Amino acid sequence: MPLNVAQKLIHSHLVSATPEPGHEIGLSIDQTLTQDATGTMVMLELESLGLERIKTELSVQYVDHNLLQTDEKNSEDHLFLQSAAERYGLWFSKAGNGVSHPVHQAHFGRPGATMIGSDSHTCAAGALGMLAIGVGGLEIAMAMAGDPLYVEMPQIWGVELTGKLPDWVSAKDVILELLRRHDVKGGVGKIIEYHGEGLAHLTAMDRHVIANMGAELGATTTVFPADDAAHDYLKAVGRAADFTELLADEGATYDVEERIDLSSLEPLIAKPSSPGNVVPVREVAGEELHQVVVGSSANPGLRDFAVVAEILRGVQTASGVSLDINPTSREILQDLTRGGWVLDLIRSGARIHQSGCLGCIGMGQAPAVGRNSLRTMPRNFPGRSGTDEDSVWLCSPETAAAAALTGRITDPRDLDMPYPAPELPEKYSINTEMLSPPLEEAESRTVELVKGTNIQSLPTFDPLPEEIELPVLLKVGDNVSTDEIMPAGSRVLPFRSNIPKIAEFVFIQIDDTYPTRAAENPGGHAIIGGDNYGQGSSREHAVIAPRHLGLRIVLAKSFARIHWQNLANFGVLPLEFADPEDAVHITQGDVLSFSDLHQALRSGNSVTARVGGKPIELRHRLSHRQMEMVIAGGRIPYRAAESEETDTAGTQDSDVPPEKAKPTQPEG
């Protein structure tokens with residue numbers, strides 16, 4: 001049977017089960033990616049697992065999120081991460097080297113490989129023909145320990161691209177068009193695969209933009225073929241030898257099909273406060289603004305910055321507008337400087353910040369209350385910018401530059417100038433000085449983890465009781481994001497390795513009394529959610545911190561994929577209403593009673609709760625493995641119990657790692 005690209009990637013890494021939609025499958029993992037906002041927990045999980053050395057082909061720890069060093073916390077976490085990378089055998093990307101996704105694509109991306117990352121935008125690597133999936137940190141730790149990734153087999157959503165993008169329209173508008181059509185739940189349970197003759201007009205970095213924001217559709221991941229565009233990119237970064245062609249077979253089919261005529265697209269923008277709230281720029285033109293931020297993994301390429309510089313060349317930004325530039329890597333900054341674009345930006349009034357995520361995750365450049373901020377970033381969930389009452393819009397670099405120039409949201413097609421086409425170099429800058437390779441195993445075993453005062457070991461969690469009564473401490477609506485459950489930003493993220501402290505911020509944007517009320521209910525509690533509960537970031541703090549506060553069960557109409565998996569990983573039972581209308585009848589303060597819970601979970605997918613004596617029918621989608629994990633209290637105690645059984649049987653797992661891959665040296 002002819003196979004599409006996603007099917008080829010899955011079949012070549014399948015280690016268990018049949019890849020039929022809805023079934024749990026196991027995939028071998030070649031590479032992992034961690035960043036500092038989530039990687040601290042991953043390294044603490046490796047410590048908890050007692051791992052001696054990672055078993056993946058290649059794993060990289062990046063420092064790109066928490067770069068502001070306003071006190072000792074971030075600095076100490078960076079030292080901890082570097083020591084953990086040395087101890088366990090990871091590559092380490094130093095602070096200021098750049099955002100994980102474009103840096104990884106430049107130095108380690110390999111067509112045909114599988115990768116998981118503790119960042120939801122790991123899917124950006126699909127631009128090179130990789131199967132790259134964002135997951136919770138514990139999934140990363142388990143992959144490093146040699147376990148497969150277990151995931152529910154998605155449907156394959158084929159999106160055929162035809163035509164060519166017109167002037168003033170770019171790759172960001174392609175993914176915004178899909179979000180306009182399908183909103184933030186449209187990709188749930190699907191892998192998006194782009195194909196068609198329109199691909200010939202999209203570079204690998206254009207594809208990175210599109211693949212990156214597949215996460216905003218809720219998709220499992222996004223894949224592109226590894227074709228001439230991928231080959232051209234790898235040649236430009238000095239790694240042509242790493243190219244392997246990966247194309248869909250002639251006659252390959254898809255579970256779901258869609259078409260986008262690129263030539264028909266126009267500039268689009270996502271209004272506050274959801275990436276799915278998309279309209280044409282012309283419909284909101286004239287809205288005043290005070291800030292424009294360019295950067296992030298959603299528009300990370302040299303072209304994305306250069307086009308802004310050329311639009312603004314020789315002119316000042318509008319009075320009262322702050323233009324902030326976050327270069328996505330040190331190499332991009334080098335090429336912007338060599339091309340003269342940095343000087344153009346500085347002359348226009350732009351502020352140049354260090355290479356990293358920064359404003360995208362609320363680490364600086366928080367906007368003023370009541371003022372519009374236009375950003376080339378992937379998310380505009382409430383408060384993500386660092387300002388609780390923010391008004392963030394998402395757009396392309398062209399639309400961002402037009403707004404910076406005029407002081408209002410402006411359709412860039414209305415600018416009185418020809419569309420700029422920056423002349424990019426044939427070869428990009430290569431700088432590996434801030435990438436530290438893994439230590440040899442003998443040396444790594446002598447490394448001690450460097451733990452500052454803010455580094456706390458991973459909490460241990462008890463098993464799920466057979467009989468349990470839980471008060472409902474919180475009821476929330478649809479599309480609640482992990483940013484609302486566990487806020488990001490400079491006030492909160494420095495405590496990412498200190499669960500008791502970061503737990504003080506759980507749900508404060510929705511109900512700032514929740515942490516206190518949870519602490520007053522030591523017997524545990526439940527939360528009621530709506531549709532797509534837990535969308536957005538992969539950060540498992542959004543589970544670990546509520547679990548630390550006593551969360552045992554979440555009832556929702558539906559769950560976002562990564563958060564649902566994270567709940568199970570840490571022993572929180574995710575249940576869905578058999579009849580979504582039953583959610584209406586449960587209010588905050590009600591008590592949920594469960595009897596014979598273990599037996600119910602093991603007997604099928606139905607569970608009954610009682611509220612004031614009235615039965616509420618619920619269901620779960622856990623595999624047998626996940627169900628036993630939840631009963632055990634989470635994946636770590638479940639794995640520990642498995643190891644004890646294995647040891648008792650006299651069979652030991654080998655800790656001898658495969659030979660580590662190293663980035664290919666630049667050619668010439």
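The structure is a predicted model, in which local features need pLDDT of at least 70 and side-chain atom pairs count only at pLDDT 80 or more, while totals for chains, interfaces and linings use all residues. Residues are numbered from 1 along each chain as its sequence is written, and side-chain values use heavy atoms, with hydrogens and water left out.

Rolling a probe the size of a water molecule over the atoms shows where empty space is left. Here a cavity is a set of points, on a 1 Å grid over the protein atoms alone, where a 1.4 Å probe fits but cannot get out; a pocket is an open set with protein on both sides within 12 Å along at least five of seven lines; and lining residues have an atom within 4 Å of a point. Grid points are joined across faces, edges and corners, and a volume is the space filled by probe spheres set on the points.

Searching the whole structure gives four cavities of 30 Å³ or more. The largest cavity has a volume of about 220 Å³. It is lined by 22 residues, and those closest to its centre are Ala 215, Gly 218, Ala 219, Gly 536 and Ile 562. Helix H19 (residues 561–569) gives the most to this lining, with three residues; helices (H or I, at least four residues) and strands (E, at least two) are DSSP runs, numbered from the N terminus. By class, the lining of the largest cavity holds nine nonpolar, 10 polar and three charged residues. In this grouping Ala, Val, Leu, Ile, Met, Phe, Trp, Tyr, Cys and Pro count as nonpolar, Asp, Glu, Lys and Arg as charged, and the others, Gly among them, as polar.

Turning to the open space, the largest pocket holds about 1,100 Å³. Its lining comprises 47 residues, with Thr 203, Asp 206, Arg 303, Leu 424 and Tyr 428 nearest its centre. Helices H4 (100–107), H7 (204–212), H8 (228–236), H10 (302–311) and H11 (330–338) are the elements that each give two or more residues to this lining. The largest share, six residues, comes from H8. Of the residues lining the largest pocket, 27 are nonpolar, seven polar and 13 charged.

The second largest pocket contains about 490 Å³. It is lined by 33 residues, and Glu 152, Gly 189, Arg 561, Trp 564 and Arg 621 are the closest to its centre. Strand S8 (149–152) and H19 are the elements giving two or more residues to this lining, and H19 provides the largest share, five residues. The lining of the second largest pocket has 14 nonpolar, 12 polar and seven charged residues.

Finally, there is a sheet to consider. Four strands form an open sheet in the order S11-S10-S9-S12, with parallel pairing; two strands pair if DSSP finds at least two bridges between them. Strands S11 (221–223) and S12 (256–261) are the edge strands, each pairing on one side only. Six bridges join strand S9 (residues 155–162) to S12 in parallel, and Gly 158 has Glu 257 in S12 as its bridge partner.
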